[in-house]
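Open the model in your viewer and keep the selection panel at hand. This tour goes from stop to stop, saying what to select and what is there.

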Amino acid sequence: MSNIDRRTLIKGSLATVMAGTAMSRAAFADADPILLGVSGPLTGPNAQYGTQWKQGFDLALDEITAAGGINGRKLAYSFEDSQSDPRQSVAIAQKFVSDPRIVLELGDFSSPASMAASPIYQRAGLVQFGFTNSHPDFTKGGDFMWSTSVSQADEQPLLAAYAVKKLGLKKLAVLHLNTDWGRTSRDYFVNAAKGYGAEIAVTEGYIAEERDFRSTLVRVRDANPDGLILISYYSDGALIARQARQVGLKQVICAASSVYSPKFLELGGEAVEDVHVGTRYFPEDPRPEVQKFIAGFKKKYNGLEPDAFNAYAYDAMNMAAAVVKIGGTDRRAIRDAFAKVKDVPSIIFGTATFDVATRRVKGAMNAELVVRKGQFALWDGKPT
Amino acid sequence: MSSWLDYTINGLIVGNVYALVAVGLALIFGVSRLINFAQGSIYLVGAYIGWVAVVQLHTPLPLTIIVVAVVAALVGLIIERFGLRPLQNSVRIAPLLATIGISFVLDQLVMLTFSPNPRALPSQLPDVRFQVGGGTIGPLDLLIAGVGITSAILLFVFLRYSKLGWAVRATAQDRDAAMQMGVDVNRVNQAVFGIAAALGGVSGMLVGMYYNQIDTAMSLQATLKGVVAEVVGGAGNVPGAVVGSLLLGLVESYGVAVFGTSYRNLFAFLLLVVVLVLRPNGLFASARQAPPEPLTGTFIAPSRPVRIPRWALLVAVAAFAVLPFFPVSFYVLQTLINAWLLGMLALSLTLVAGTIGQVSLGHAALLAIGAYTSALLSLTLSVPVGLAIIAGGLMSAALGTALISPSFRLRGHYVSIATLAIGEIVSLVILNWESVTRGPIGISGIPPLSLFGYDLISASSVYWFSFAVMVVLALLQARLLSSHLGRSFRAIRDDDIAARAYGLSLNRYKSLAFIFGGFAAGVSGGIAAHLYSYINHETFNTQQSILALTVVILGGLGNVVGAVVGSVALVGLPELFRIAAEYRILIYGIVLLLLVRFRPQGLLGTI
């Protein structure tokens, strides 16, 4: 084939492709999906959470589409990888606010990345809907910041009640991830636990990359508590539990809902047996929306068990759909719709309604679980 | 008292874990004088190969170890052959950067293959535990200790008594002489990389089993701790690496015992800095070792810088200055704002790394100091933002120079390692000094940029402001470089012995360079703080330091225009690749590798 021939051929096929695109554009203009922007980590150290978000989003979108979409239009999202890095999340924010197709933004994952982008969303009048943003100042960024992340002011007193009042632990050691989330949670927990009459023997903050907790646990042992409280994610929570057992600590362990994941059991093995977890959702919850979520998730992802981050993302997408249904595609109307949505079915909250003053949702579900025979089970009230 | 026994045992156990990485690093450093930043990635690869073997193929432990060692060794051989051998005759910094690029590529390939979710890697040893002190020790603890110590002994024997070992040592001492004596230097390198990679892979697998957990983010931390342990022990010294690792483990464990968990890494990096200051070649550098070859201009590629005509620069500046008048999207403006902020950091680094030859891997610390100073001054003392940013620059200049000054007597790679440690120390101090920095909660509600009472909040005003600041800093720096002072800087870089003989005070000139550089970086951090309105100790991290170094290498060391061009390129490229989502770090790594391979002197060359 001569050069010219090849060039003509390429040109020809390009023209065909372009004509095809143009045609499909014209034909489906009305059916263009309503687009949400997602800013979150797909690479970098938090990449796993972005992956989990996608799983939750996609499941919710399948169901929304099957139910006829938003007034007949499909809902879709454009996921931009920020690596949870503030420099990138601000650029993404500019990209989203200047893209007229984006009606609402979801994310980012971490506080620095989310809150660095907040001023841009606020000024441009595009809702930044953070669903993992428990930093107490996140929604103070402006009236375009809304969050379904459970306020730790809500969750930690429930965990404290479980540990102190129900399990009867009087002298506690608190191990917490030394981030804004872990630190805020610790303070709420400690206050509540003291209120219930418990003594805090020691608190230890550790950084996210930490893998070795043996020396920390010797400190804990020397403080002689009768219970260990873990304000951890599942991976570090499992590590601490394993090493606690290895250094010979036999105390009752009670963990925040963030460890609730099948991965916690897999990574912790026998060491997490009898660990108590206060959680916002669990698979045996008979509520139909929970059962539908779990069945749908397992079906879509080859039997994979969903965990808390999947549930947050699923809830957030459903909330976004509910809001867009009321607010339409106008950004400001969508902001106003957040104040109007009522009792949206939710895995985490049962039904979710925003508190207009805080722009957060109140009243997370709380189930008291314990790991028995390698499975999370409802706590039967018996001491361990 | 019994607790101290436990702290000691725990320190030794985790020290053993570090030793597994440090031994491989030491071996490679011994032969190639190269700090292999990809060692942590090989450790990661080993962990995942181990997972495949154990969980999917159900191999018994001895076979698992062999499989992991063989596959990891192959990876090491490939790295040596295709990543590093082509760089043999290039500048010293090139292979170092190449290993960073290789680590990006490997980490990303593992993540794409296995997903970033952590996985359980079950230990294949029986779970019996022996009571020691107040705690217990299991078979895996002993196996890790055994592998660490045995490999150190075997390596020692190999280096001392085998013919290939002699060749390795000869190459380490004097590469050219070894070649003249008929040593096949390439084969030596291959052997070393193969052995080091096999060790690295096996260590990743063992550590994964130890924690019953592997994830794709484990490589950077492993590299950091391994490098610290190795340098503490004396770079290139295999038994030293083991001792350095155990010492590191002990210091961390005792640090936790006395001060609490959140200070742990602080002690690791302080140990490194103290050792480097007291014994610049590590604790066990032998007295007979040949002094490090004179590093005169070692890092700098000989090249003729590309001179850009003045009119072209003026046109470019004018074009960027009027850009916001054209219908460009805010996204493009924001991306360029990021580039200007990175440009200020790069100006700072290209001055200290390029012009005076002190390669810094902890430059993000200067950003952090400037950002916190500016944020706190404007927030708590209501200092006007413009003044607060200048104060941030001054604080970075003063504090940064003071922190880095102990490393002024170090040479070559040790400077980069010391600055890496100082970067980590600054971040950990910010995390722990709660009364001032608000600790992990970070600082929120930082007032927006403003000048003479006018808030600069629109994308174009922020754009003009940051662009103007960068241009002014660049002009000042260009003036500096063409002055007598600039020539003195370059004299110190090119031959510090000659410069000293000529009567130049090295410390004073290095301080001057860091003061100017610290100011530029601090201003960049200050502007960023007001732009983001929220910062915490993670906002300015090691990745940012590495990015800055990549920028100045890309642009050409010491080259002012190059720093700016490099910033625009390296902020722009990932944004262009944004469409490639999960693949973009991979692409970034490959671009870095190609750059180092084909244009080590940078796009515009070194001044």
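## Stop 1: the interface between the chains

Select chain A and chain B together: the area buried between them is about 5700 Å², and carbon and sulfur atoms give 50% of that. Keep in mind that this is a predicted model. Next, select the residues in contact. Chain A supplies 62 residues and chain B supplies 66.

The rule finds 29 residue pairs in polar contact between chain A and chain B, both partners at pLDDT 80 or more. On the chain A side, go to helix H3 (residues 86-97), which gives the largest share of the side touching chain B, eight residues. Color that side of chain A by class: 20 residues are nonpolar, 21 polar and 21 charged.

## Stop 2: salt bridges across the interface

How many salt bridges does the rule find across the interface of chain A and chain B? There are six. Over all chains, the count comes to 29 salt bridges.

Select Glu434(B) and Arg183(A). They form a salt bridge, with the closest N and O atoms 2.2 Å apart. The pair crosses between chains: Glu434(B) sits in helix H17 (residues 434-437) of chain B, and Arg183(A) in helix H6 (residues 180-195) of chain A. Side chains of opposite charge can pair when their charged atoms come close.

Is Arg183(A) buried or exposed? Arg183(A) counts as buried, at 11% relative accessibility. Glu434(B) is partly exposed, with a relative accessible area of 33%.

Move on to Arg211(A) and Asp215(B). Their side chains meet in a salt bridge, 2.7 Å from N to O. Arg211(A) lies in the loop between strand S7 (199-206) and helix H7 (214-223) of chain A, and Asp215(B) in the loop between helix H8 (185-211) and helix H9 (218-233) of chain B, so the pair joins two chains. Asp215(B) is buried, its relative accessible area being 6%.

Next, select five residues at once: Glu210(A), Asp212(A), Lys225(B), Glu252(B) and Arg264(B). A network of salt bridges links them.

For a pair within chain A, select Arg221(A) and Asp222(A). They form a salt bridge, with the closest N and O atoms 3.7 Å apart. Asp222(A) is partly exposed, at 43% relative accessibility.

## Stop 3: the two domains of chain A

Color chain A by domain: domain 1 is 34-150 + 288-352, and domain 2 is 153-279. Their C-alpha centres lie 29 Å apart. The contact takes 13 residues from domain 1 of chain A and ten from domain 2 of chain A.

About 940 Å² is buried between domain 1 and domain 2 of chain A, with carbon and sulfur atoms giving 57% of it. Do not look for salt bridges between these two domains: the count is zero. Look instead for polar contacts, where the count is three residue pairs, both partners at pLDDT 80 or more.

Then select helix H2 (47-66) and helix H11 (308-327) of chain A. These are the elements giving two or more residues to the side of domain 1 that touches domain 2. H2(A) has the largest share of that side, three residues. By class, that side holds six nonpolar, five polar and two charged residues.

## Stop 4: the two domains of chain B

The domain assignment gives domain 1 (4-278) and domain 2 (310-598). The C-alpha centres of these domains of chain B lie 32 Å apart. Select the contact: 35 residues come from domain 1 of chain B and 31 from domain 2 of chain B.

The area buried between the two domains of chain B is about 3200 Å², and carbon and sulfur atoms give 83% of it. Which residues of domain 1 of chain B lose the most area to domain 2 of chain B? Select Leu97(B), Phe104(B) and Leu276(B), which together make up 19% of what that side buries.

Between these domains of chain B the salt-bridge count is zero. Two residue pairs are in polar contact there, both partners at pLDDT 80 or more.

Finish on the helices of domain 1 of chain B. Helix H4 (93-114), H9 and helix H11 (264-278) of chain B each supply at least two residues of the side that touches domain 2. H4(B) gives the most, 13 residues.

How values were computed:
Residues numbered from 1 in each chain as written. Chains lettered and ligands numbered in written order. Predicted model: local features only at pLDDT ≥ 70, side-chain atom pairs only at ≥ 80, totals over all residues. Heavy atoms only, no water. Domains from an automatic or database assignment. Contact = heavy atoms within 4.5 Å. Buried area = accessible area lost by both parts, 1.4 Å probe. Salt bridge = Lys/Arg side-chain N within 4 Å of Asp/Glu carboxyl O. Polar contact = N/O pair within 3.5 Å; in protein donor to acceptor, adjacent residues only side chain to side chain. Helix = DSSP H or I, 4+ residues; strand = E, 2+ residues; numbered from the N terminus. Nonpolar A, V, L, I, M, F, W, Y, C, P; charged D, E, K, R; others polar. Buried < 20%, exposed > 50% of the residue type's maximum accessible area, 1.4 Å probe, protein only.
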